[in-house]
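Open the model in your viewer and keep the selection tool ready. This tour tells you what to pick next and what is there.

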Amino acid sequence: MENLLRDENILLNQSISSQEEAIEKAGQLLVDSGVVKAGYVQAMKDREQIVSTFMGNALAIPHGTDEAKNEVMASGLSLLQIPEGLNWNGEEVKVVIGIAGKDGEHLDLLSQIAITFSEEENVDKIVNAASPQAIRQVFEEADA
C-alpha cells in the first residue's frame, strides 16, 4: 500500500473549510498523479451524496461510485492532514484519504486503511506527522 501513497499526494497541515473542498483537493491529487481521469472527482462527490465516507476515528475516505470505474486508470491514494479538523456530516475529520482502486483493489486498500485507523495511537501519529515519510511509516508498521 505504501507504494500507492506517494509523497506528492500527501498534503500536511491543510486548512480546509468544507467537506466538498476536501473531496475536490483529494480527488485533484489523484488526477494530477495520473491515476484517475478528471470525472472521478465528481464521482467522489456523488458517492458522498449517497452515503457518508466518514469511517470513525477522525477519518474520511472519499472514493468514486461504481459507475466511475472507467475513470480509474491505476490504483492510487491521496492524503490530506487537517490537524484542526473539519466538519464531515456532523463528525470531526482530521485525515481525508482519497482512494482510487483498479480492478477491485480498492477493497484491499480500504481494509488496510481501516486496520491502521483502528488504533487511536496511529491516528494521532498521522494527524501530528511532520513529513509524508512519517505518515507512510505508520501505514508500513500497521501493515507489518
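**Stop one: the pocket**

By class, the lining of the largest pocket holds four nonpolar, six polar and five charged residues. Here Ala, Val, Leu, Ile, Met, Phe, Trp, Tyr, Cys and Pro count as nonpolar, Asp, Glu, Lys and Arg as charged, and the others, Gly among them, as polar.

Before going on, note that this is a predicted model: local features need pLDDT of at least 70, side-chain atom pairs count only at pLDDT 80 or more, and totals for chains, interfaces and linings use all residues. Residues are numbered from 1 along each chain as its sequence is written, and side-chain values use heavy atoms, with hydrogens and water left out.

The volume of the largest pocket is about 220 Å³. Helix 2 and helix 3 each supply at least two residues of the lining. A pocket is an open set of points on a 1 Å grid over the protein atoms alone, where a 1.4 Å probe fits, with protein on both sides within 12 Å along at least five of seven lines; lining residues have an atom within 4 Å of a point. The points are joined across faces, edges and corners, and the volume is the space filled by probe spheres set on them. Helices (H or I, at least four residues) and strands (E, at least two) are DSSP runs, numbered from the N terminus.

**Stop two: the cores**

Now select Ala22, Val36, Tyr40, Leu80, Trp88, Val96 and Ala100. They have the most contacts inside the largest nonpolar core, which has 23 residues. Helix 1 (19-32), helix 2 (39-50), strand 4 (76-88) and strand 5 (91-100) each supply at least two of its residues. Which helix gives the most to this core? Helix 1 does, with six residues. A nonpolar core is a set of buried Ala, Val, Leu, Ile, Met, Phe, Trp, Tyr and Cys residues joined through side-chain atoms within 4.5 Å. Buried means under 20% relative accessible area, exposed over 50%, and partly exposed in between (1.4 Å probe, protein chains only).

Zoom in on Val96. Beyond its neighbours within four places in sequence, Val96 is in contact (heavy atoms within 4.5 Å) with residues including Ala22, Pro62, Leu80 and Trp88. A second, separate core has 22 residues, among them Ala58, Leu59, Ile126 and Phe139.

**Stop three: two rings**

Show the side chains of Phe117 and Phe139. The structure holds one aromatic pair. The ring centres of Phe117 and Phe139 are 6.3 Å apart and the planes are at 50°, so the pair is tilted. Rings of Phe, Tyr and Trp (its six-membered ring) pair if their centres lie within 6.5 Å; planes under 30 degrees apart count as stacked, over 60 as edge-to-face and the rest as tilted. Phe117 sits in helix 3 (residues 105-117) and Phe139 in helix 5 (residues 132-143), 22 residues apart. Both are buried.

**Stop four: the loops**

Go to Asn13, in the loop between strand 1 (10-11) and helix 1. Asn13 is exposed, at 56% relative accessible area. Its phi is near 50°, a positive value in a residue other than glycine. Most residues other than glycine have a negative phi.

In that loop, also pick Ser18. Ser18 and Leu86 are 68 residues apart in sequence and 6.9 Å apart in space, C-alpha to C-alpha.
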